[in-house]
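Let's take a walk through a protein together, one stop at a time. Have the sequence and the 3D view open, and look up each residue as it comes along.

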Amino acid sequence: MLKKIITITCICLFASSIAFAKVVELDDIDIEGEIQNYSEKITKISHELNKNHADSEKYFERGKLRVKLINLYEQKMFYEFGMKDKSLLPLRERREKHQYEILNDKIYKAALKDFDNAIKLTPENPKLYFERGKLNKKYKDSIADFDKAIALSPDNAFFYFEMANRHFEEAKYSEALLDYDKAIELNSNQALFYEYRGHTKKNLKDSDGAVSDYEKSIKLYQKDKNIMVSYHRCNKLSYECKNLKEQSKRLAEPDKKNENKK
């Protein structure tokens with residue numbers, strides 16, 4: 001039985017060697033119990049689909065459940081093996097982690113197939129392309145799905161936000177900035193939108209713009225009812241703001257000295 005309050009901070013390193021933390025919170029979750037629960041739901045839907053192969057919503061529902069199952073196995077791997085490189089683990093643990101990875105890849109392919117089947121049945125449903133785009137590990141295929149979702153539902157801010165995230169992961173910061181801008185234009189009340197646009201501006205060496213977005217994000221996080229999330233994010237972004245302001249100040253000092261010499 002794995003029952004624990006865990007706060008996972010996954011450090012994502014990009015080409016610029018600048019990282020930011022993405023927090024996933026598990027509030028007293030029984031991971032083994034949740035895995036069994038989702039597995040049973042998937043089995044139930046599979047029986048229903050055996051009777052009716054033309055139910056798009058059932059394929060979509062099963063795909064979403066499989067995505068949640070992938071996340072649970074990733075959390076279980078973190079709980080059992082931490083963030084150590086697999087090659088540094090003892091042989092037994094290395095084999096166990098490898099088995100989890102094989103299982104997760106199998107579930108990932110099954111989830112993609114579910115979304116494929118749902119799209120074949122209802123090709124004008126934007127949420128299907130959106131969910132497949134979030135799941136797809138192939139960058140170009142993922143962006144193509146987001147583009148299709150946006151074409152079908154152009155006013156959904158979260159479609160632009162997720163597409164921006166994929167650009168960011170590929171260190172395509174200029175493309176990411178355009179999509180974060182559009183997401184904020186459509187929905188200016190999301191703290192996460194400003195936070196991630198701030199990260200993007202930071203990577204584009206726009207320190208003032210990054211600080212401005214971080215400060216807007218902090219104000220919105222302070223309204224969040226989840227105190228744990230709000231406290232963590234506000235502290236992290238305040239630290240980022242402080243560092244960027246100090247960095248800008250240090251860069252400006254040589255210019256002032258040169259002006260005084262003249």
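Our first stop is Arg132, which counts as buried at 17% relative accessibility. Here buried means under 20% relative accessible area, exposed means over 50%, and partly exposed is in between, using a 1.4 Å probe and protein chains only. You will find Arg132 in helix 4, which covers residues 126-135. Helices are DSSP runs of H or I with at least four residues, strands are DSSP runs of E with at least two, and both are numbered from the N terminus. The side chain of Arg132 is joined to the side chain of Asp116 by a polar contact of 2.7 Å. A polar contact is a pair of N or O atoms within 3.5 Å; within protein, one must be able to donate a hydrogen and the other to accept it, and residues adjacent in sequence count only if both atoms are side-chain atoms. Not counting residues up to four places away in sequence, Arg132 touches Leu112, Phe115, Asp116, Ile119 and Asp145; contact means heavy atoms within 4.5 Å.

Before going on, a word about what you are looking at. This is a predicted model, in which local features need pLDDT of at least 70 and side-chain atom pairs count only at pLDDT 80 or more, while totals for chains, interfaces and linings use all residues. Residues are numbered from 1 along each chain as its sequence is written, and side-chain values use heavy atoms, with hydrogens and water left out.

Now step back to the whole protein. It contains 10 helices and 2 strands, and along the sequence they follow the pattern β-β-α-α-α-α-α-α-α-α-α-α. Of the 262 residues, 40% are buried. If you take the contacts with a separation of 6 or more, 56% of them are between residues 24 or more positions apart. The accessible surface comes to about 15500 Å², and carbon and sulfur atoms hold 51% of it; such areas come from the Shrake-Rupley method with a 1.4 Å probe, and for residues only the protein chains shown count as cover.

What lies inside? The largest nonpolar core has 59 residues, and Leu69, Leu135 and Tyr180 have the most contacts inside it. A nonpolar core is a set of buried Ala, Val, Leu, Ile, Met, Phe, Trp, Tyr and Cys residues joined through side-chain atoms within 4.5 Å. Helix 2, residues 56-81, gives the most to this core, with 9 residues. Leaving aside its neighbours within four places in sequence, Leu69 is in contact with Ile35, Tyr38, Ser39, Ile42, Asn104 and Ile107.

After the helix comes Gly82, whose phi is positive, near 65°.

Stay in helix 2 and find Tyr59. Is Tyr59 buried or exposed? Tyr59 is buried, because its relative accessible area is 9%. Not counting residues up to four places away in sequence, Tyr59 touches Leu49, His53, Asp114, Asn117, Ala118 and Leu121.

Next, visit the loop between helix 6 (157-169) and helix 7 (173-186), where Lys172 is found. Lys172 counts as partly exposed, at 31% relative accessibility. Beyond four places in sequence, Lys172 touches Tyr139 and His167. Ala171 is found in the loop between helix 6 and helix 7 too, and has a positive phi of about 60° although it is not a glycine. At 25% relative accessibility, Ala171 counts as partly exposed.

Which residue in the loop between helix 8 (191-203) and helix 9 (207-221) can we visit next? Lys205 lies there, with a positive phi of about 65° although it is not a glycine. Lys205 is exposed, because its relative accessible area is 66%.

Cys234 is buried at 10% relative accessibility, and Cys241 is buried at 5%. The structure holds 0 disulfides, a disulfide being a pair of cysteine sulfur atoms within 2.5 Å.
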